[in-house]
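Morning, everyone. Let me put a structure up on the screen, and then we'll walk through it.

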Amino acid sequence: MNAVAIRAEGLRKRYGDHEVLQGVTLDVQAGEVVGLVGENGAGKSTLLELLAGVARPDEGRIVVRGAPVRWRRPRDAADAGIGFMPQEPSMVPGITVAENILLGREGAGMRFGLVRWRAMNRLADEALREIDPTIAPGAQTQSLSFQQRRRVAFARALAAGTRTPEAPVLLLDEPTSALDPDGVEALLRGIERLRARASIVFVSHRLEDVLRVCDRIVVMADGRCVAERAAAATTAQELQHLMAGRTLAVEMAYGRDRSHAPGRTCLELKQLTRIPGYADVDLAVRSGEVMGLTGATASGCHELGRTLSGIDAPQRGRMSIDGRIVVLRDPAHAVAHGIAYVPADRASEGVVGALSVAENLALADRTGWRIDRRRERAVAARWIERLRIATPSASTRVSELSGGNQQKVALAKWLAGPRPRVLVLDDPLRALDVRARRDVVDAIRAAALNGSAVLVIADALEELAAICDRVAVMRDGRIREDRSTSAATRALRVPVERAA
Amino acid sequence: MDAVRSNAASSLAPTAVLAVLVIAVSAFAPSFLSAYSLRVLAEESSAILLLATGQTLVVILGRIDLSTAAIASLVSVLVALAVPRLGAAAVPAALLLATAIGAWQGVVHVKARVPSFIVTLAGIGLWSGIALAVAKTTVPIAGRDPFLEWLGQSSWGMPHAFALALATLACFHAAMVRLRFGRELHAIGLAERVALLSGVPVGRVVVLTFAASGLCAGLAGTAMVARSGSGNPSIADSLLLPSIAAVLIGGTAITGGHGSLLRTLLGVFIVVVLRVGVAIAGLAPAFEPLAYGLLVVVAVAATIDRRSIGIVK
Amino acid sequence: MRTGVAMTVPGWMRTSGPLLALLVLVVGFGFGDARFVSLANLRTILDSAAVPLVLAVGMTFVIRQGSIDLSVEGMMAACSLVFALAVANDRTAFDLGWLALAIAAALGAVFGLANGLVVTRLRVPSFMATLGLGSVGLGAAMLLSSDQPPLIRDAALRQWALGRTIGLPNLALAAAACLGAGLVVERYTRLGRYGFAIGGAEDVARRAGIDVDFHKVAVFAFAGLTSGLAAALESARLGIGHVEVGAGQMLGAVTAVIIGGTSLAGGSGSVLGSAIGVLALAVVANGLVYVGATPHLQKTIEGAIILVAALLAGVHLHDRLRVVK
Amino acid sequence: MTHKVAQRHPAALGLAIGLALAVPMLAAHAQALCERSQIRLVNSMRELAQPYHADLNKGGRAFARWAGLESQYVLQLNQGDTDKQIALMRSILATNPRCTIFNIEPNADVVVKPMVETAQETGAWIVTHWAHPPGLHPFEGRDHWVAHVAVDSEAVGRAVSEQLVAAIGGKGGIVVLHGRLDTDPAQKRFAGLKAVLAKHPGVTVLAEQPANWDRRAAFPIMQAWLSKFGAGIRGVWAANDDMALGALEALRAAGLAGRIPVVGVDGIPEAIAAIGRGELTATVSSDAFYQGSIGLAMGVCMLTGQVPPPDRWTKAQREYYLRTVVITRENAARHASEPAAEGYIDEWRCDQLWSRSTGPAF
């Protein structure tokens, strides 16, 4: 069977004066898994949105199983058996998992506007079983972890795909970003299980994942498809080269300033405990040092991060900064103590979308009553340049920037102000392309060189290896290993994967 | 100031609506544009403008303050009662109290995590209740207070109360665009979590804002005392909805974040013209509420800044 | 916790706050005057809670989808007049009896429909849309009432409205039925479920292909229907079609809904919670009369109690990142 | 302000003084201040939904028709919005103030001072009803405040209270429904009740609650009282008819309608009907129809010079109490019918303007 499941023909899409897609043509055979890679802003997400009926193409057409189609709304695509998993979290908190999975296309789950809970849960469960049987269809969505929600989103895409007798088409936008190792594993296995029965377009920055599950890999750049390789016949290096136009291994980013010597202990945790979350955590980060913290689901490292940021109070133990014990009342109090926190969910916690870049950068600066616009502009200009933030101007709304650049703003906000004593970053490299990744890593190292104690929380050990002097691994809310990265990269891969 | 300022400055729609209204009314009643009528409008605007000024800050913050009118009434009573005893100190004292009341509501809202709607709703009961308890009924000002007398007069056809209102609005507007406070206000209204995690002392800003609202309400109450020469436990009650309407008709989003005091100024004029204009235009009084209601809807439909308000709730 | 959503509580907990508030109030007043907890008085409370409850049911859906309905009083005024003029009365020749009830409800629904259309088509925030249309309703009512409010002469209707069956006030039973309907709509209909989605994450709902505007309009219409019904019941019990039949009812309904645990931001809450909120407010009003609070301090006390009730209702929620507006 | 008028109408002043010296009042002809065609009659009140206000309007319009000025009759409704009542008055005065006469039913007594001041500065004329803030009087140099037609709310309160006391045989417990507590009538009417109770120690107040003049608010309160005091309630005192009728419906629900005496104030048709049926005991009417017209009548008489300007009137003519009538089962029938202009023509005549005065109100 190698009929074309879905085909994009010369698709063009323009937002404002920026043409995001400049005539993209792409075939996906039935039962084929196509990887779609490219830097941020290459147009991958836009392409998927057009195929999924979220947006309409300005030019070009879409052909599904031989028949040209014109989606009026996402529903149409779904009805044609095309499942879409958007990059940004897309769950409604107040309703059940089953409702989220079937939202807007309940099929047998609703008759004559009446809900049939049993049928609804059964349908949802069919999809969930493929992805994560541990999630109950009847559970309230807001009670799920971020990881679980991503899986529910995948299940939602699958549920849509399996509505028609034909083989489903699944469009997955960054499904593995921000997932912990076994989350990724589960998802990739899901894809492999579906391989025979479905056609899948798989967008990801994690080249190793792409290489693993895809049959064919298409490289996009600047709104065009620039290259195409059989997965078997290419390597991560080649793909990166094709994407960025040159080789740059992340390792280079830190190789340079490995030499410097960290100073005195700055952040120190003793027996810190918050159940549920983590227990008896002892941790010491010296100023000038970059400490990595990793672990699988429920390892508690994200919870620890949120405690450091003053969001949740610990139940036991103490935290001290530069030897002075601190008890944080709230995030503002934490900032007052010189703790800067870059959250993982940048959209709803990292940046104010409706404010300009300059305003966002000034947000964390607590010096002075007045607003000094000239100074703000200068600062903004400096950091836009230093972090290579791609923005038309300093007065552009952050919401108009790509995800990677928003992340840069969320980080620069802290670097622009007075030097934070402790810099806590939760998953700072999530869904960043190689170049953005390097810029952010540089910035983090720079902060350390500046004398900040940096704590980086991430799920992928590889990412940490790129940044950190030391890495601690958490499991079941406790610190298990704590050693220098060079050792960590070799020795820790095992425990992390055992972790779940 | 970039993003926020840019959509604050775009007050074109409200201006147009106001113009249309004025022209329409004066077409029916040419005398509507006489110096006298304009002064009447200014006088009528003073109290509403003061209430709306405080309300705007609160609404930009994403909250709402239902207690403003009640506080104004309370202040009117207190001033009337206090003038004989405290003399010139009466007004400052009352204003101080009003500010404190506003701040207190803010504290309860922040510390106890009770929605501002409820806190200030309870405020209506508390403050007008206290006003009733201390005053029983209308309290004429026994004794003289130069400030109140000044406030009741007008020079060069400009009622002093209105001048006071304008000055107040100007001050707060300056604060909104010049001080970090203003920036933080918008940030909280737009994305409270981000503001919080960026170290913005959200609690403090909220309390300050409600205090400001209380102060404005106090000024409104003072203006009303000066006008009617006596305080009354329900003197300002009828101004609550018009003042909120003014804020929203100006184009400030009830969902918070977007808006400005300049817009509110226009909103107030629109509301006032609607209030009296419909009558002046000589419409049969029985039809007034009908016309008022429809015009309000039309006005908002015309003025609302859809660019900045993504989801209409 | 990762995405910083509010600490979640099991279903039964979500109504526990309001329940706690209600209990505290009942016990408190009970100590104030033992007769307060007498069967006779509980009956009285139910009776006085009937009309607010009908309103609160509709208001819950409106607030849950993130909107608000300030037109309640205006709609009730108009519906009350139409109802009174449609049953046997001293102004017109009509004598439609029970049919008038349906007419009033229908008129309310039409009003709600108008609200919804203004919000969705003209994209006017519900706060202003309903404020304006409420005033329209009030105006219409005044015209209908002209210079003599119509007195209801339909004896059977009056008897029913003032009477009891199995010891319970008929109005309370009607309200209970309304509550039941509300629960079914909330739990078992597309309208009810999509309400959560629209209020919780409207953009997601849209992307999921839900006809958001349609459901918003439908909810406003439903709320209007409850307003019409409430107006009819209130008029039937008072025996007159009156412009001020809804005075103060809107604020009461909204307060009840919020105390009942529905967030003004939308996406949460339950009709059941609102019902508890209504009862709490009814208990306050009745209790103050019972303990004979000094008239001059009454408003103050009422305000204070509303505050306390809200405090108790929110007692189980604690998360520094939870945004309360 | 006298001198002002003097400057404008020296003749009027001279003539008026002459008259004043000769006969203090009863108008021989003073100088007309306005062309009849210029005169504008403004009736300012709350709204028309309440029968009481409706009658105010009917009376005013009936007078205007009788005086041949109906085309110059203006109705201003403020929907209970204090601020708006003032704004409406001011806004109309951009033109022809000196020939405009306002008949004001104050939304709250606080509006009186600003409205009077408006009249003073624009030269318009104003007659106020009910009550004004203490320490404010027309005759203190406020020449354009033609008159204040007060209602002696305390006497009214006493009158109904006596009816109630009599109906319950001078002993037993009663419950009290207050109006909006911050208003003068609410306070004074209750004062009247207390005065009466002082004379009848047998009667005790079981409970009192404000119901804001509103029948809807009165209903549940009455219910609560019934469940609390049961048979202990011998009578119901309400500060106005609307609340009395609300209480009556609560009684009806308990099957007690007509069995427990209820009194109210205002004399609205519905209440009078209920009195006729024996369900209400008594009410007191200040005759809205008359109140809505008398102020305009005064204005016309004065502006047309059939009566000299107010500054020539006696204090007792500037501020006096209006006669009220107690309506009980005996005379209910007589007041049941719609008031008709014919019945009032005699009292509108310029020499009869004060025919309902019961004496000075200061």
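How many residues does the contact take from chain C, and how many from chain B? Chain C gives 49 residues, and chain B gives 45 residues. Keep in mind that this is a predicted model.

Stay on chain C for a moment. Which elements give two or more residues to its side that touches chain B? They are helices α5 (98-120), α6 (126-145), α10 (202-207), α12 (249-259) and α14 (298-313) of chain C. Find α6(C) on the screen. With 15 residues, α6(C) supplies the largest share of that side. Now the classes. The side of chain C that touches chain B has 28 nonpolar residues, 15 polar and 6 charged.

Next, chain A with chain C. Here 33 residues of chain A are in contact with 25 residues of chain C. On the chain A side, the elements giving two or more residues are α2 (74-79), β8 (114-115) and α10 (301-308) of chain A. By class, that side of chain A has 14 nonpolar, 9 polar and 10 charged residues.

And what about chain A and chain D? No contact joins these two chains. Their closest C-alpha atoms are 37 Å apart.

Now look at chain A by itself. It is divided into domain 1, residues 4-247, and domain 2, residues 251-498. Over C-alpha atoms, the centres of domain 1 of chain A and domain 2 of chain A are separated by 30 Å. Count the elements and you get 19 helices and 22 strands in chain A. How much of chain A is buried? Of its 500 residues, 58% are buried. One more number on its fold. Take the contacts in chain A between residues at least 6 apart in sequence: 70% of them join residues at least 24 apart.

Last topic: confidence, and we go back to chain B. Its mean pLDDT is 86, and 94% of its residues reach 70 or more. Where does pLDDT stay under 50 in chain B? Over residues 1-9. The model still has 23 contacts beyond four places in sequence for residues 1-9 of chain B. Be careful there. Where pLDDT is low, the predicted coordinates should not be read in detail.

Note on methods
Residues numbered from 1 in each chain as written. Chains lettered and ligands numbered in written order. Predicted model: local features only at pLDDT ≥ 70, side-chain atom pairs only at ≥ 80, totals over all residues. Domains from an automatic or database assignment. pLDDT = per-residue confidence, 0-100. Contact = placed C-beta atoms within 7 Å. Helix = DSSP H or I, 4+ residues; strand = E, 2+ residues; numbered from the N terminus. Nonpolar A, V, L, I, M, F, W, Y, C, P; charged D, E, K, R; others polar. Buried ≥ 20, exposed ≤ 12 C-beta atoms within 10 Å, placed from the backbone.
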